[in-house]
Amino acid sequence: SGHTVTLPASMQADGPQPGQRVFELVLPTYAMWPAEPQKFSPSKARQVCRKTLTHALEDRTYDTEATKDLVVSLGNDIKMQLESLELPRYKLLVQVTIGQICDQGVNIASRCLWDGANDNYASTSFVNSSLWANAMVFAVYTD
């Protein structure tokens, strides 16, 4: 459904004349960008990620088999919590990575093609004596 535009009285004259075609103009209602209060907030997303990772991994030791299901579970938990922030028209993608601490270095990088004005991301890391974890959230605005 759209918005109906009514012509001012000066343009309407006495209404349509006999045989005159009348058009109703309906404007689209899609939004090209989010309203300011509905914009994705990286700081709020980082808080959700940090809280979720800390709560789930604080006392956990690295286990190769359990980690397979754990990354999926943590990703789903983060996504559900972010969806409760009610960000209409945003597609949220969550990626969780967990690894064992064994005197190695890790670099995690990503590249995206998106609208820099409306799309954004958040990333946070967690480390304990046995494992490291990284959670990344990508928020892409869809019109």
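In which element is the place of Thr67? Thr67 lies in helix 3, where helices (H or I, at least four residues) and strands (E, at least two) are DSSP runs numbered from the N terminus. This is a predicted model, in which local features need pLDDT of at least 70 and side-chain atom pairs count only at pLDDT 80 or more, whereas totals for chains, interfaces and linings use all residues. Residues are numbered from 1 along each chain as its sequence is written, and side-chain values use heavy atoms, with hydrogens and water left out.

**Overall make-up**
- The protein has three helices and five strands, and from the N terminus on these elements follow the order β-α-β-α-α-β-β-β.
- Of the 143 residues in the protein, 27% are buried, a term that means under 20% relative accessible area, with exposed set at over 50% and partly exposed in between (1.4 Å probe, protein chains only).
- The accessible surface comes to about 10,200 Å², and 51% of it belongs to carbon and sulfur atoms; such areas come from the Shrake-Rupley method with a 1.4 Å probe, and for residues only the protein chains shown count as cover.
- Among contacts (heavy atoms within 4.5 Å) with a separation of 6 or more, 74% join residues 24 or more positions apart.

**Strands 4 and 5**
- Strand 4 (residues 120–127) and strand 5 (residues 131–141) pair in the antiparallel sense over eight bridges, pairing being assigned if DSSP finds at least two bridges between two strands.
- These two strands form a hairpin with three residues between them, and Asn120 stands opposite Ala139 in strand 5.

- Beyond its neighbours within four places in sequence, Leu53 is in contact with Glu58, Leu74, Val96, Thr124, Phe126, Ala133 and Ala135.

**Thr67 and the cysteines**
- Thr67 counts as buried because its relative accessibility is 9%, and, leaving aside neighbours within four places in sequence, Thr67 is in contact with Tyr62 and Ile98.
- Cys49 is buried, with a relative accessible area of 0%, whereas Cys112 is partly exposed, at 43%.
- A search of the whole structure finds zero disulfides, a disulfide being a pair of cysteine sulfur atoms within 2.5 Å.
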